[in-house]
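The exercises below are meant to be worked with the sequence and the coordinates side by side. Each one sets a task and then goes through a solution step by step.

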Amino acid sequence: MWRRCLLSGMAVWLAATSPALAFVAYVSNEKSNTVSVIDTDKWIVTHTIKVGQRPRGIEFTKNGKFVLVAVGDDDKIEVIDTATHQVVDSLPSGPDPELFTQDAAGKLLYVANENDNTVTIIDLEKRVRLGDIQVGVEPEGMALSPDGKILINTSETTNMAHFIDTATREIVANVLVDARPRYAEFKRDSSELWVSSEIGGTVSILDPAKRTITGKIEFNIPGLRREAIQPVGIGITKDGKTGFIALGPANRVAVVDATTHKVTKYLLVGQRVWHMAFTPDEKYLLVTNGVSNDVSVIDVSAQKVIKTIQVGELPWGITFAQP
Amino acid sequence: MIRWLIGAIGLSFVASSALAADPIDIRVGYLGQAGIKSKLSLVEQPSENDGIAGARLAIEDNNTTGKFLNQRFFLEEIRLKDGEDVAKAATALADRNGIIIADLPADALLKAADALRDRKTVLLNAGAIDDRLREQDCRANVIHVAPTRSMLADALAQYLVWKQWKRWLLVVGSHEADKLYADALRRAAARFGAKIVQEKVFEDTGGARRTDSGVTLIQRQMPVFTQGAPAYDVLVAADESEVFASYLPYRTWDPRPIAGSAGLVPTSWDAAHDQWGAIQIQNRFVKLNSRRMTARDMQAWTAARMIGEATSRTNSGDPKTVFEFLKKPDFSVAAFKGQRLTLRDWNLQLRQPILLVDGRMVVSVSPQEGFLHQYSELDTLGVDRPETKCKLN
């Protein structure tokens, strides 16, 4: 009797504190070759989808009907139907696809192929390869400028951000950044481009118009050696005021004042934090922790870690459907 | 007319951009020895191009980057034959190349370094692991990319101690290099709290590596050789000369694991290493060279990549500029080891994690967790600043 009372009481409490809107996140698990589906209403994994080998880059299609996941060791990108949670198709990328980005219309997909120094362009409707762009050694990070005119690709051994004109598909500028650039992210108003350098241990701030570095975000965590600070994933709020940077084996996410480019706080998350995604209402930020096999939930306004969700082995990428 | 004018402006614009300017040519020499050291195991037999194959890949990588910076890289190889004058060869190579990657034994490397002392040639040591080259015999014009024996020994010792295999039976070969490795292992045991319960010397009595009679004799010899040892956890073999260590696994009197020159081996690189993006360089290497990548290949790749890093950051191919850049305190290079590699300013040795491999898999990577250091945990491997005997300049 007591127990039932307590349980129902808890259920009421849970319902009362749960967010008004429920979203669904898809997380790629690099080691277990699965994708975990997280419900942000209950903060639990509702489905685990079997995919190809070594899933990493993951993104919803613009219409929200499918999730694309790069399965690097199978040299392709798989298409998950979000209605059935099944892999229904695959796209012909180049060898070892890792990260990719789509144009605003959801018609073109740009894929970084680590193994042959190219960026591949895929027609999403016809599901065919349209062409390749030669870039530096080990292409990785991909970002499209908000107006869709410039595609950014970072190459990890060449240590550059390549600016590619999407109309001519030619490189128009190359900017040297610190060692092993892994991820690129624009501010919504195009005023800044952020590029994280995993081995260099910095995030470069670029002026997208001038195509030069205007500043750098540096990290300093007392008691932690410099080599352990390895920035990878980047998230910037829509208003362009706050940035979040995943610091890899430092097991922390840095909160950055996106105007002054100074770190204001370090949030302790799980081990080897890789990538992140905001809930569409931007209330929460979910980050993947590669070594501890879980996802940390950060309350964006409180700047606090509020929850940890167990997923598959070595979680890597994460994506939300945009409403 | 206007169209013509626009065309002309377009032309002059192209002409004034960097791509139309003369490219910067960076010429790198590779000085190695002819002939390869034979290994006991046929599958470990080094290729003729062991080492240089890695440099070739890095030159290709540098050229991919160079396309965007208008830099071109060239590699010239010289192999010394027995008795050939190394100073003369180094000088001749330096006449055409401002930067030289050397894969030479310690004495030859010192001769080359001294012959080039008054030039601005940069020498990168990608082969010799002798500690003395970074200590009493250090040279201000040599950067060491290869790890030292003491770094390798410390990397192994940290793991064995972590594993609680603290009682070692040390078996040492009878050649000079074996003795140097044994010195490094003794030092490592003392530093990290292992105990050498007994030392044995394995005399090299000569003879062929491979015989038609096969392993019959070895199977009788090795158990007897290791019989009667005091209680020990692991047999550590110092056999750089490839005389006996590879015969030890599965043949010791007591059932014990082997480490050092066979069994669990500390190394700067292994074909099985695939962490931290390493799979990408492994794939690139196999594609270019049709074989797998060795430690020597990786050391040469890293040396040539350091050159590429310096030329792209300084936008210069001048050897002096390259050298000054590499010696700066904030220089670092990415080499698929999970963290940045930097130079020790007191002896120009590249700091690096060391892999522990069993021939098929990477078992662990040192420094091990818990071995702390006030500056860099990588400095728990090898001779540290307070102990150094090196005086540059």
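**Exercise 1. A run of strands in chain A**

How many bridges join strand 22 of chain A to strand 23 of chain A, and in which sense do the two strands run? Describe also how strand 21 of chain A is attached.

Solution. Bear in mind throughout that this is a predicted model. Begin with strand 23 (residues 262–268) of chain A, which is joined to strand 22 of chain A by six bridges, the two running antiparallel.

The hairpin formed by strand 21 and strand 22 of chain A has five residues between the strands, and A:Gly248 in its turn has a positive phi of about 60°.

**Exercise 2. The overall form of chain B**

Characterise the fold of chain B by its elements, its dimensions and its contacts.

Solution. First list the elements: chain B has 10 helices and 14 strands. The box filled by the C-alpha atoms of chain B, taken along the principal axes, is roughly 100 × 50 × 40 Å. Of the 393 residues, 48% count as buried. Finally, among contacts in chain B with a separation of 6 or more, 68% are between residues 24 or more positions apart.

**Exercise 3. The buried side of helix 10 of chain B**

Which residues of helix 10 of chain B are buried, and against which elements do they pack?

Solution. In helix 10 (residues 319–327) of chain B, the buried residues are B:Pro319, B:Val322, B:Phe323 and B:Leu326. Because they cover an arc of only 95° around the axis, they are on the same side of helix 10 of chain B. The elements of chain B against which they pack are strand 3 (99–103), strand 4 (122–125), strand 5 (142–144), strand 11 (343–344) and helix 9 (295–314).

**Exercise 4. An open sheet and the helix across it**

Solution. The order is 10-13-14, with antiparallel pairing. Strand 10 (265–267) and strand 14 (362–366) of chain B are at the edges and have a single partner strand each, so one side of each has no neighbour in the sheet. Neighbouring strands of this sheet are turned by 30° against each other on average, direction ignored. Strand 13 (residues 354–357) and strand 14 of chain B are joined by four bridges, and B:Leu356 stands opposite B:Ser364 in strand 14 of chain B. Helix 5 (residues 149–162) of chain B lies across strand 10, strand 13 and strand 14 of chain B, at about 60° to strand 13 of chain B.

**Exercise 5. Where chain B touches chain A**

How many residues of chain B are in contact with chain A, and which element gives the most?

Solution. The contact involves 16 residues of chain B and 17 residues of chain A. On the side of chain B that touches chain A, two or more residues come from each of helix 2 (52–69), helix 8 (278–289) and helix 9 of chain B. Helix 2 of chain B gives the most, with four residues. By class, this side of chain B has three nonpolar, nine polar and four charged residues.

Key
Residues are numbered from 1 along each chain as its sequence is written. Chains are lettered from A and ligands numbered from 1 in the order in which they are written. This is a predicted model: local features need pLDDT of at least 70, side-chain atom pairs count only at pLDDT 80 or more; totals for chains, interfaces and linings use all residues. A residue is buried if 20 or more other C-beta atoms lie within 10 Å of its own, exposed if 12 or fewer, and partly exposed in between; C-beta atoms are placed from the backbone. Two residues are in contact if their C-beta atoms, placed from the backbone, lie within 7 Å. The arc is that of the directions from the helix axis to the C-beta atoms. Ala, Val, Leu, Ile, Met, Phe, Trp, Tyr, Cys and Pro count as nonpolar, Asp, Glu, Lys and Arg as charged, and the others, Gly among them, as polar. Two strands pair if DSSP finds at least two bridges between them. Axes are lines fitted to C-alpha atoms, for helices over the stretch in contact, and angles run from 0 to 180 degrees between N-to-C directions.
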